[in-house]
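Morning, everyone. Please look at the structure as I go.

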Amino acid sequence: MSETTNAFEMAQRQFDHVAELLNLDPQVREILRWPMREFHFRIPVRMDDGTIRVFEGFRVQHNDARGPNKGGLRFHPAETFDTVRALATWMTWKCAVADIPLGGGKGGVVVDPATLSDGEKERLVRGYVNVMWRNIGPRQDIPAPDVGTTPQMMGWMMDEYSRLVGQYTPGVITGKPLGGGGSAGRTEATGYGVIFNVREAMKHLGLDPKQCTAAIQGFGNVAQFASIGFIEILGGKVLCVSCWDREDRKSYTFFKADGIDPHFLKSITDQYGTIDKAKAREAGYTIEDGDCWIEKDVDVLIPAALEGQVTGETVKRISPKVKILAEAANGPTTPEADEFLKNSSIFVIPDFLCNSGGVTVSYFEQVQNDMNFYWTKEEVLDKLDTKMTQAFHGVLDMSLEHKAYMRDAAYIVAIARVVKAMQLRGWV
Ligand code: NAD
């Protein structure tokens, strides 16, 4: 099999593999291999200097058999249609594996948000809603924040949608700011969800979390709360995190042998997840090459940055001490690396199970919007813990019962639920 980092090819290969295992009907396969609807458009935006800039945008709705499509909106300079297609497909499996009644969607805009002023960002997201509003909505497709987008942007998008449809509609979008229809606990949700999965994996493997160490790639929303959770919920140590330095245009690893302080690092990190090197160095951190996180002698590796990071080449650099690979990012492992992991002793928590905490609390946000009654952060995180623990054990049981690799087991659980919904609706 040739090496690929095309995310959609990866998503299709993973699906084909499990479709084969499940001996899925060819017609069902044909439906599930492809997104049901795809939108590709241009958004003209008036910039602060008076000129017009045209941005390329995407929205992909993969499958809504189990409920309205759900998935983030990414702002990234290297965004592609195939990345958005892959992420929408993974959202279908993610919602199904977490057993929440939603389908899979994803959106993207080709832009580096750091190059835009707040006013330009607001006009761009309002422009996105102006193009898409007839095809999104609480019963159709519900966007959310993702790489490069923020709760404030979701607030503007909700306002634009409400203006266009003529009524306050908070359930059109999740990840809104607190006080503007957002849910307590959404900021922590994905990172803490990763940690609830890691905790259950440690129980299964008989590991004492207090004796465990971790190396994390990235230091954005997910990595920050995965670091905090690893230390404060599990009682373990995080030895390094990494980030992309936008000035140097390269990545760095920030290492401390006796464990990083995520709250301190957070205080010297900008809104795009770039850590201030000078301040970190002053505080005793060793700054190493961006790839070093994967070689650390730790118990748990948590890629929490971007897709395609654990490749056929980098996977061979993983230390024999590593027991768990918790895929916090979407699609961090290429199929070639996956083959290697399958035959190794490393316990893999596959991405769409591992990072499903975010969409789970997004779903809770919509439920609260519908009720117009809001839970406390403790209530939200408690419900999240219950959902994540159930999802993890659903997959683990499938894996043990069928002697299946954890990723295959997660796909089997998810695909079976989607196929059942399609059958019940009379689609197949
Ligand atoms: P973010 O934009 O907040 O942070 C990304 C981080 O990764 C930043 O610190 C950035 O500097 C770093 N990074 C980028 N390229 C890197 C590289 N080559 N090496 C090292 N670090 C690098 O994004 P996020 O919201 O934390 O999302 C991270 C991943 O988790 C993405 O794959 C995203 O799709 C996935 N995810 C996010 C959520 C969520 O709720 N935010 C939910 C599910 C999945």
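Before the packing, one cut-off: contact here means heavy atoms within 4.5 Å. Keep in mind as well that this is a predicted model.

I'll start with helix 1, which runs over residues 7–22. Its 16 residues reach 23 Å from the first C-alpha to the last, close to the 22 Å expected at 1.5 Å a residue. At the start of helix 1, a side-chain oxygen of N6 comes to within 2.9 Å of the backbone nitrogen of F8. Just after the helix, N23 has a positive phi of about 55°.

Which residues of helix 1 are buried? They are A7, F8, M10, A11, Q12, Q14, F15, V18 and A19. As a reminder, an α-helix has 3.6 residues a turn, so residues three or four places apart point the same way. The buried residues of helix 1 pack against helix 2 (26–33), helix 3 (81–97), helix 10 (335–342) and helix 14 (406–424).

Now the ligand. There are 25 residues around it, and T190, V222, W244, G273 and N330 come nearest. By type, the shell divides into 11 nonpolar, 11 polar and 3 charged residues.

The side chain of T190 places an N or O atom 2.7 Å from a ligand oxygen. V222 has a backbone N or O atom 2.9 Å from an oxygen of the ligand. For W244, a polar backbone atom is 2.8 Å from a ligand oxygen. On its own the ligand has 830 Å² of accessible area, and the protein covers 88% of that.

Helix 6 (186–205), helix 7 (221–232) and strand 7 (237–245) are the elements giving two or more residues to the shell. Strand 7 gives the most, with 3 residues.

How values were computed. Residues numbered from 1 in each chain as written. Predicted model: local features only at pLDDT ≥ 70, side-chain atom pairs only at ≥ 80, totals over all residues. Heavy atoms only, no water. Near = heavy atom within 4 Å. Polar contact = N/O pair within 3.5 Å; in protein donor to acceptor, adjacent residues only side chain to side chain. Areas by Shrake-Rupley, 256 points an atom, 1.4 Å probe, with all protein chains shown as cover. Helix = DSSP H or I, 4+ residues; strand = E, 2+ residues; numbered from the N terminus. Nonpolar A, V, L, I, M, F, W, Y, C, P; charged D, E, K, R; others polar. Expected span 1.5 Å × (residues − 1). Buried < 20%, exposed > 50% of the residue type's maximum accessible area, 1.4 Å probe, protein only.
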